[in-house]
Amino acid sequence: MKCLFRTGAHYSPSPPVILEYLFPRRCLGCRKVGSYFCPDCLNLVLLRDEQVCPICGKSALGGLTHPFCRRPFDLDGLTSIFVYRGVVAKAIKKLKYKFVKDLAEELVELFLSFCGEEKLFSGFCDLPNVVFVPIPLNSQRLRWRGFNQAELLGELIAKNLGVKFIPNLLIRVKNTKPQVELDKDQRQINIRRAFILNKDCKLKIENWNFILFDDVWTTGATLKEAGKVLKRNGAKKVWGLTIAR
């Protein structure tokens, strides 16, 4: 697979005016016409009031992995902005399962409006040689859906953070079952050895820091497994990032 560097967003333009007229955007909460997130429903969005260690799941300053939890190939930290509930959960599900791609811009705008408050994550973005990598879909699911929601959202986020974007640094080689259908132990088994490094990429992994992105953190099995692949290939640091948890 050819490896692509991207430093700017490449997404479909907003729908033509005639489509907006025929199929207007409606708030995912109250169905009011105008946008996917009306001001009243935005007031009900729940922010994560604390970040957690990605290894043990307990409270951690800025999401930094606890020193006593740290292992050589583990994530160095985790940032999740929203509680996976309400209009945020509806937006992610609508994007993933109803293929409403045009709400990605509004969701990312909402995400970025709070992301800057996380100082440790902001500091990570300011490190030299930072690359933003979305979790890949397997080829079968990608053909069915037609796009990877983590890539679609991630490209917009990376552009706004001012970091390099490599959508296919990792390849998903295992046709896993949807994680949502499995319990915690099954998820870990399901995702094991699901990712490999794209050898067509000429990036020297050992010289870079990585933001590994997915839409939702549940047990963290997917992000942790992908992070291990980067770490085993020499990545300096890997920080997990999700819209919600």
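Mentor: Start with Arg193, which is exposed because its relative accessible area is 65%, over the 50% cut-off. Keep in mind that this is a predicted model.

Trainee: Where does Arg193 sit?

Mentor: Arg193 is in the loop between α8 and β5. Its phi is near 60°, a positive value in a residue other than glycine.

Trainee: Is Arg31 buried, exposed or partly exposed?

Mentor: Partly exposed, because its relative accessibility is 47%.

Trainee: Let's zoom out. How many helices and strands does the chain have?

Mentor: Nine helices and seven strands. The chain has 245 residues, and 51% of them are buried. It exposes about 12600 Å², with carbon and sulfur atoms supplying 54% of that area.

Trainee: What share of the contacts comes from residues 24 or more positions apart?

Mentor: They account for 72%, counting contacts with a separation of 6 or more.

Trainee: Which residues touch the most other members of the largest nonpolar core?

Mentor: Phe82, Phe132 and Ile243, in a core of 43 residues. Elements giving two or more residues to this core include β1 (77-82), α3 (86-97), β2 (130-134) and β7 (237-244). Another core, of 27 residues, lies apart from it; among its members are Ile135, Ile166, Ile191 and Ala221.

Trainee: What does Phe132 touch, leaving aside neighbours within four places in sequence?

Mentor: Its contacts include Gly154, Ile157, Ala158, Ile211, Phe213 and Leu241. Take Ala158 from that list: its place is in helix α7. Ala158 counts as buried because its relative accessibility is 1%.

Trainee: Switching to helices. What covers the buried residues of α9?

Mentor: The cover includes β4 (170-172), α8 (184-191), β5 (195-197), β6 and β7. Of the 12 residues in α9, 10 are buried. Lys224, Glu225 and Lys231 are among the buried ones.

Trainee: How do α8 and α9 cross?

Mentor: Their axes come within 9 Å and cross at roughly 30°. The crossing is right-handed. Arg187, Gln188 and Ile191 of α8 make the contact with Ala221, Thr222 and Glu225 of α9.

Trainee: What span should α9 have, and what does the model give?

Mentor: Helix α9 covers residues 221-232, so at 1.5 Å a residue its 12 residues should span 16 Å; the end C-alpha atoms are 17 Å apart, which agrees. Gly234 follows α9 and has a positive phi, near 105°.

Trainee: What about α4, how far apart are its end C-alpha atoms?

Mentor: They are 16 Å apart, which agrees with the 16 Å that its 12 residues should span at 1.5 Å a residue. The buried residues of α4 are Ala104, Glu106, Leu107, Val108, Leu110, Phe111 and Cys115.

Trainee: Which elements do those buried residues of α4 pack against?

Mentor: They pack against α2 (39-42), β1, α3, α5, α7 and β7.

Note on methods. Residues numbered from 1 in each chain as written. Predicted model: local features only at pLDDT ≥ 70, side-chain atom pairs only at ≥ 80, totals over all residues. Heavy atoms only, no water. Helix = DSSP H or I, 4+ residues; strand = E, 2+ residues; numbered from the N terminus. Buried < 20%, exposed > 50% of the residue type's maximum accessible area, 1.4 Å probe, protein only. Contact = heavy atoms within 4.5 Å. Areas by Shrake-Rupley, 256 points an atom, 1.4 Å probe, with all protein chains shown as cover. Core = buried A, V, L, I, M, F, W, Y, C linked by side-chain atoms within 4.5 Å. Expected span 1.5 Å × (residues − 1). Axes fitted to C-alpha atoms, helices over the stretch in contact; angles between N-to-C directions. Left-handed = near helix turned anticlockwise from the far one by under 90°.
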